[in-house]
Every structure is written in C-alpha cells, then in structure tokens.
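Me: I'm new to this structure and would like a close look at just one part of it. Could you walk me through a metal site, step by step?

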Amino acid sequence: MPSDVRFLRLQCLETEDNGRDEIYMHFNGRHMFPQGGDTADIETGQTLDLNIIMQFAGEATVSLFDEDDIDEDDHLGTIVISESELNQGVHSQTFNGDDANYILFYAVVPGVIG
Ligand SMILES: [Ca+2]
Ligand SMILES: [Ca+2]
Ligand SMILES: [Ca+2]
C-alpha cells in the first residue's frame with residue numbers, strides 16, 4: 001500500500017558555495033523542488049518551507065544539488081526514505097556532500113489514495 005511523504009522544510013547549516021547556493025531536489029530521480037522552477041536560492045542559516053507531498057511505495061530517494069554555472073552542479077547527497085517510518089512523526093536526514101550541511105525534515109503518513 002503506498003504511503004505519502006510530506007516534506008516540511010529544508011534547513012541550511014552550511015552552503016556549498018561561498019555565499020548562497022542555488023539548490024534543487026530530485027525525488028526518485030525526477031525534479032521535485034522547487035515546484036514551478038529550476039532552482040531556489042538559500043543562504044547559511046536559512047530554512048525553506050517545502051509543503052510538498054509525494055506518494056511512494058517501499059523506499060524513495062531524495063537527492064540535493066547545488067547548481068553552478070562555470071563547473072558541474074554539485075551533488076550534496078542522497079537520502080533514502082522508507083515506508084517503515086510510517087506514523088512516527090517528523091524525521092530528519094542530513095545532506096553533507098562537498099562540505100555542505102543541510103537538514104531535510106519530513107513525515108511519512110498513510111497514503112490518501114488507498
Ligand atoms: Ca557549487
Ligand atoms: Ca551554486
Ligand atoms: Ca560545482
């Protein structure tokens with residue numbers, strides 16, 4: 001039975017770039033955030049509200065990237081979300097590739113569609 005993952009917020013403790021990062025996230029390899037755009041600006045100490053709900057079964061992956069112009073975009077990490085986290089309140093996982101440090105807050109809830 002599919003579950004929903006409700007993404008609550010993304011907190012930036014340390015950007016990858018000097019100054020702000022231009023971030024985006026993939027859900028199971030497909031663009032998820034920002035909705036309706038390519039990237040979102042974020043600075044150290046900032047938290048972005050996400051308010052995104054995605055359906056999944058079993059496990060899902062979330063990858064965080066920083067877009068760069070001159071060289072390749074930076075992959076800041078990939079986390080795995082599991083249906084075993086269902087109904088356990090708010091979880092958090094960290095992206096810390098390339099000396100960046102981000103925390104993603106989310107909750108796994110019963111799927112709206114049976
Ligand atoms: Ca970068
Ligand atoms: Ca960048
Ligand atoms: Ca880069």
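Reply: Let's start with the calcium ion (ligand 2). Its protein donors are Asp17 (OD), Glu22 (OE), Asp66 (OD), Asp66 (OD), Glu67 (O) and Asp68 (OD), lying 2.1 to 2.6 Å from the ion. Donors here are N, O and S atoms within 2.8 Å of the metal (3.2 Å for Na, K and Ca), and since water is not among the atoms, sites may look incomplete.

A word on the ground rules: this is a predicted model, where local features need pLDDT of at least 70 and side-chain atom pairs count only at pLDDT 80 or more, while totals for chains, interfaces and linings use all residues. Residues are numbered from 1 along each chain as its sequence is written, ligands are numbered from 1 in the order in which they are written, and side-chain values use heavy atoms, with hydrogens and water left out.

Back to the site. Along the chain, the donors of the calcium ion (ligand 2) follow the spacing D-x4-E-x43-D-E-D. Glu22 in strand β2 (residues 21–27) and Asp68 in the loop between β6 (59–66) and β7 (74–82) are 46 residues apart, so this pair links distant parts of the chain. Strands are DSSP runs of E, at least two residues, numbered from the N terminus. Both Glu22 and Asp68 are buried, meaning under 20% relative accessible area (1.4 Å probe, protein chains only).As for geometry, the six donor atoms around the calcium ion (ligand 2) subtend angles of 50 to 173°, which makes the arrangement irregular; six donors count as octahedral if opposite donors are over 155 degrees apart and all others between 65 and 115.

Notes: Tetrahedral: all angles 85-135°; square planar, octahedral: opposite > 155°, others 65-115°. Helix = DSSP H or I, 4+ residues; strand = E, 2+ residues; numbered from the N terminus. Buried < 20%, exposed > 50% of the residue type's maximum accessible area, 1.4 Å probe, protein only.
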